[in-house]
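Subject: Structure handover

Hello,

I am passing on the structure for you to look at. My notes on what was found follow below it.

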Amino acid sequence: MSLHEARRRLAAARSVAVLTGAGGSAESGIPTFRDAAGLWKGFRPEDVASPEAFARDPGFVWDWYEARRRTVAACEPNAGHRALADFERRCGSFTLITQNVDGLHTRAGSRRVLEIHGSLWRVRCTGCGETREELRTPLPEVPPRCACGALLRPGVVWFGETLDPALLAEAWRAAESADFFLVAGTSGQVQPAASLAEAALARGAAVVEINLEPTPLTPRATVALRGGCAALLPALLLPEAPTGMQDIPSKER
Ligand code: BV8
Ligand code: ZN
């Protein structure tokens, strides 16, 4: 049974890496990007999450991120986030890489999170480059300005922008050295994040996928578990195998 197989591989692993996507936060109430009611509904990603969009209409883009911050602030981490934080405490060599910018992994207790697409809770000055964390309350004007007078922008990686080289190098190292690579709640559409699983596959790691739907990775995954992150991450990561999980649809290579 595939959950059993995935747990067996995990137990034998010396180095574990995980890549999460928007599906990991869906059960906390945060819309994903590409599902039907997704964040991009009505927008093309390039129309909102790009430097060109911000240059064209900084107020519109800032408002969209402010609305996302308000949504996220009203949400809580789910059992999947908590299972990853718990596993980190028990696992000797563990790296959590996330495409998500909502900060829920950290709020769930994960200590070392590679936020390769940045964070909703970070803003950066378009002039002097100063970065500010913990954006708890809405800023006075839209879009806000830095003391230097330049516009502040969301501290996320937009389409067409390069990821932080140090963070990306750390993520590649983790993917290339893991003997167990877990891909949870991502459609695998966005590069270079989607290539991390390829690196793990190329190295011969056990690659386990958790998703509600098939993705381009599914046919090549060692084990593909069909279901939600909030149930399957605890089922996979908690020390005791859960009872009554026999009916998980899955595929095993
Ligand atoms: C770069 C931050 C290079 C902002 C994001 C062709 C044309 C044009 C561009 C490209 C191209 N090919 C490659 C590119 C480059 C582009 C790219 O990949 N485009 C894609 C769309 C084709 N990539 C980039 O631009 C990257 N930079 O390549 O730079 C470069 C080199 C030199 C010089 C300059 C540049 C930067 C990419 C980062 C973009 N920023 N986010 C923000 O969040 O607002 S990406 C955005 O998508 C989010 O970060 C999101 O996390 C990410 C990935 O999406 P997913 O997380 O997978 O979410 P999605 O909705 O797609 O899927 C959800 C999945 O969960 C589904 O599978 C669903 O079934 C599942 N699910 C749902 N519920 C659950 C669940 N699973 C389990 N349980 C559930 N409950
Ligand atoms: Zn400044």
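Please keep in mind that this is a predicted model. I begin with ligand 1 and the contacts made to it.

An oxygen atom of ligand 1 lies 2.6 Å from an N or O atom in the side chain of Ser187. The protein covers 75% of the 1,500 Å² of accessible area that ligand 1 has on its own. Two other contacts of this kind can be looked up in the model. The side chain of His117 has an N or O atom 2.8 Å from an oxygen atom of ligand 1. At Ala22 the backbone takes part: one of its polar atoms is 2.7 Å from an oxygen atom of the ligand.

Two elements give two or more residues each to the shell around the ligand, namely helix H2 (23-26) and helix H5 (58-73). Of these, H5 supplies the largest share, with three residues. In total, 36 residues surround ligand 1, and the closest are Arg34, Arg68, Gly160, Ser187 and Asn211. Sorted by class, the shell is made of 14 nonpolar, 16 polar and six charged residues.

Side chains of opposite charge can pair when their charged atoms come close. The count of salt bridges, with a cut-off of 4 Å between the nitrogen and the oxygen, comes to 11. One of them joins Arg14 and Asp179, whose closest N and O atoms are 3.3 Å apart. Arg14 sits in the loop between helix H1 (2-12) and strand E1 (16-20), while Asp179 sits in the loop between helix H8 (165-177) and E7, so this pair ties together parts that are 165 residues apart in sequence.

The last item concerns the backbone. Most peptide bonds are trans. The bond that joins Gln191 and Pro192, however, is a cis peptide bond, with omega at about 0°. Pro192 is placed in the loop between strand E7 (180-184) and helix H9 (195-202).

Regards

Conventions: Residues numbered from 1 in each chain as written. Chains lettered and ligands numbered in written order. Predicted model: local features only at pLDDT ≥ 70, side-chain atom pairs only at ≥ 80, totals over all residues. Heavy atoms only, no water. Near = heavy atom within 4 Å. Polar contact = N/O pair within 3.5 Å; in protein donor to acceptor, adjacent residues only side chain to side chain. Areas by Shrake-Rupley, 256 points an atom, 1.4 Å probe, with all protein chains shown as cover. Helix = DSSP H or I, 4+ residues; strand = E, 2+ residues; numbered from the N terminus. Nonpolar A, V, L, I, M, F, W, Y, C, P; charged D, E, K, R; others polar. Salt bridge = Lys/Arg side-chain N within 4 Å of Asp/Glu carboxyl O.
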